[in-house]
Amino acid sequence: MSDDWEEIRRLAGDLQRIQLSGASQKLSERNIIEIVMKLQSCGLLDVLHTSDGKKYITPQHLLKEIKEELDVCGGRIPLGELAKILCVDYVHVEIQSSILSKSDSSVFLVLGQLVNNDYIDRLCEEVNEVLQQKGCISIATLTKEYDLPSEFLEEQIGKRIGSIIEGFKDEENQKNILTMSYVLRQKARVRGVLSAITVPTGVASLIQKFDFSEELFFSMADELIRLGRIHGSLIGGKKASKATYIPHAYQKSQNEWVDSFFATNSYLEYDALSRLGIQDTKSYIKKRFKDSDIVYLSSCAVGQVLVDSIDASIDEVITSNFWMEARTLLPSILSDEDIRTILKKSIDERDYSASIVGDTVVISNNFISKLKEPFTELIRKKAQEDVDSGKIASIISGKNKSKLTINEDTGSKKDDRRKKATGGKVGGGTQGRETKTKSTKKKKQHKKEKFSDSEDENELENDATNLIFMTAPEIKHKIKIMDCVDGMPDDVYEELASLLQPEFNTNYADLAKEWYQSAISASMQNKRKALGDISEKVSSIVCTIRLFNKGISVFKDDSVKSQLEKHLVKTICTDLINEIFISVNNSPEKITISSSEQRSKLLQSMSTEQAKPLLKIHKALGGGNVDEFIESLEDNFEEGVGVSFRSKPDKKKDRQVLFSHRQNLLEQLNACPEEEEALILHLVVLISFQLIHNQMIHASGKFVPQIISLLNEGLDSDAQILLASYQSKVIELLKANDESEKNDIKGFLVELTPAVKKLPSMLKKTADPNA
């Protein structure tokens, strides 16, 4: 031991001697800094700069100073303030503080602050003082007061409950700390408040008025009710805004009132129960009257007594075949919807033969049948009138129009090809019309008739919904004037009319359909006969048109030939088409056609299958070409009309037609009065043309000069002079305005007329010497 002290004395002497001796060499401050930096870079020295740059400090010494400063500041200091006090960068202070909190369990780094157990203990002592004064304190309040995290405070205070803090955590809310005396006081207050209440009271108002804790109030109230310390119940859940406390005394009187009202009136209004403080009214009724048969409506619950009275009233209605207003038998608070629900339930469950009208009126089905009786004859009468007047037919034609577009200017590709094929005719010469190239087509096979009764039946079936017997207001008016419905509400009349209208319309449509089908059947029989007649008629007229067209070919002037051909198309061909269109008309109504527009309108009323071929024939008229018209007629007549006609030329028939035509003209000439000079000239010219050229010609009076020019080739000079004189005088007569002049001309014509009328007879003898 003495040797150690000797060694210490020796070392102390050496130190004193070195300190007192002068240095032979000194390092500058810059050199010192460079040396320290070199040592740091080599890892031989671990020191920190102070913030003023005048000192070096080791991390261990910084840690020591942080501990000492924390103790000096009472156990809590912010890191920023610590960095200023120690003159060290904040980063170094933060690193060392983190190391300290991890190595020392009594030190905590919280929100940039160092806190030790000493500070926390003092904090808990302060909290305990406040707790003993108030009886309740929350972690949230402490968080605001001490500026520390709620989780940190809850954890540290929880460790000290029972030691430093004399209290306990609330079971309902772990963030509240209570004392037993506080709990006892609050329980006594809750017991007192609830014991004093005599009517249902909202919990929210109690908590607000007496400053109760919501969680503590519910837990204490439940405990007091469970132990029987207070007599009442909490309803509406555990939220103060919805919960209500109801004393047993009030609940008893409430139940007594509900039982008494229900026994007397056999219904309970939901709003009335709500005014008594009952929240879930339907659940309350189900629980209170679980053994009763109750009907739950939108506004109230109805007992079996009311339901039985309704059943008895409905029985009486059915027995007496009458009607009743149910509103007078039920409480006034029931809405129309509620009344209808009760009535429907009674009728459905007991299968009553009755109907509900206007929500509140029950009518026996027999009574409704009685109301229908006056309408039966009206339905029959209206159906018959509408069929006879053609109204049913017009509805069908109006609703089933073909969508076929009729365009007079554009033809189908088929028509274009036909025109090209027939476009090779040459003009002039008696054989020019014979040299055209005709398109050859395979004739269609006979097909069954497409346009039968079934088409009209389907049309009427589809349009049955458009047949209206009466409107609802009209039916209402008819019902209202009946003696058996006096006293019914006005809205019942409307609903009754709406109820009966579909049935009336259906009966009317069925009856109209039946009678219309009968009319159609009769019409179709007539139509079949008419189609046979039209077939023969078309064959005859087509033969006549061919002969007239052949007569036109005698003329050499193309312009005259074209005009005569157009005249033939506009007259005989057009009349033929009109006859065809009238024959295929499906309507029972008789129609007449005198224009192209009427034919187009009729096409629109036909089905597409029928209208399409007839449209082609209709368009063929527009070309003014007789051959094209006849070809179109041959191609489309059978498809459009449903029957065929004989189109092949027959020489025997041609001779008969020529003879009949000539005889007809001669009869007209013989019957023509002497004063009809223009008509006499016209007839003589036509007959002469046929006798000379053995061909018929269809021409109006304006073509007489051209025909006479052609006749001169076959007349002798006397006949030529006679015709020329007679023609010129007829023209002068037509142009003359003076009566005296007209009389002079007529006198001259009277002298010539007998000779002119004999001219066809002379030509006939010349053409046939044996005549």
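Glu-732 is partly exposed because its relative accessible area is 36%; buried means under 20%, exposed over 50%, and partly exposed in between, with a 1.4 Å probe and protein chains only. The model here is predicted, so to speak of local features a pLDDT of at least 70 is needed, side-chain atom pairs count only at pLDDT 80 or more, and totals for chains, interfaces and linings use all residues. Residues are numbered from 1 along each chain as its sequence is written, and side-chain values use heavy atoms, with hydrogens and water left out.

**Salt bridges**

Back to Glu-732: its side chain meets that of Lys-729 in a salt bridge. The term stands for a side-chain nitrogen of Lys or Arg within 4 Å of a carboxyl oxygen of Asp or Glu. Both residues sit in helix H30, three residues apart, or about one turn of the helix. Helices here are DSSP runs of H or I with at least four residues, strands are runs of E with at least two, and both are numbered from the N terminus. Lys-729 is partly exposed too, given its 23% relative accessibility.

The structure holds 17 salt bridges. Here are three of them:

| Asp-121 | Arg-160 | 2.7 Å |

Take the salt bridge between Arg-160 and Asp-121, at 2.7 Å. This pair ties together distant parts of the chain, with Arg-160 in helix H8 (residues 150-160) and Asp-121 in helix H6, 39 residues apart. Is Arg-160 buried or exposed? Arg-160 counts as buried because its relative accessibility is 9%, while Asp-121, at 24%, counts as partly exposed.

Asp-222 is partly exposed, with a relative accessible area of 27%.

Salt bridges can also join up: Glu-7, Arg-10, Asp-14 and Arg-17 are linked in a network of them.

**Tyr-726**

Helix H30 (residues 717-735) also carries Tyr-726. This tyrosine is buried, as its relative accessible area is 0%. Tyr-726 and Ala-678 are 48 residues apart in sequence, yet their C-alpha atoms are 9.4 Å apart in space.

**Surface patches**

Patches are built from residues with over 30% relative accessible area and no salt bridge, joining like charges within 9 Å and nonpolar side chains (Val, Leu, Ile, Met, Phe, Trp, Tyr) within 5 Å. The areas come from the Shrake-Rupley method with a 1.4 Å probe, and for residues only the protein chains shown count as cover.

Val-91, Ile-95 and Ile-99 make a nonpolar patch of about 260 Å². Val-91 is part of helix H5 (residues 90-103).

Glu-125, Glu-126, Glu-129 and Glu-145 form a negative patch. Asp and Glu count as negative, Lys and Arg as positive, and His and the chain ends are not counted; each charge is placed at NZ of Lys, CZ of Arg, CG of Asp or CD of Glu. Which helix gives the most to the negative patch? Helix H6 (residues 117-134) does, with three residues. Glu-145 comes from helix H7 (residues 139-146), and counts as exposed because of its 52% relative accessibility.

**Cysteines**

With a disulfide taken as a pair of cysteine sulfur atoms within 2.5 Å, the count is zero. Cys-543 is buried at 9% relative accessibility, and Cys-573 is buried at 0%.
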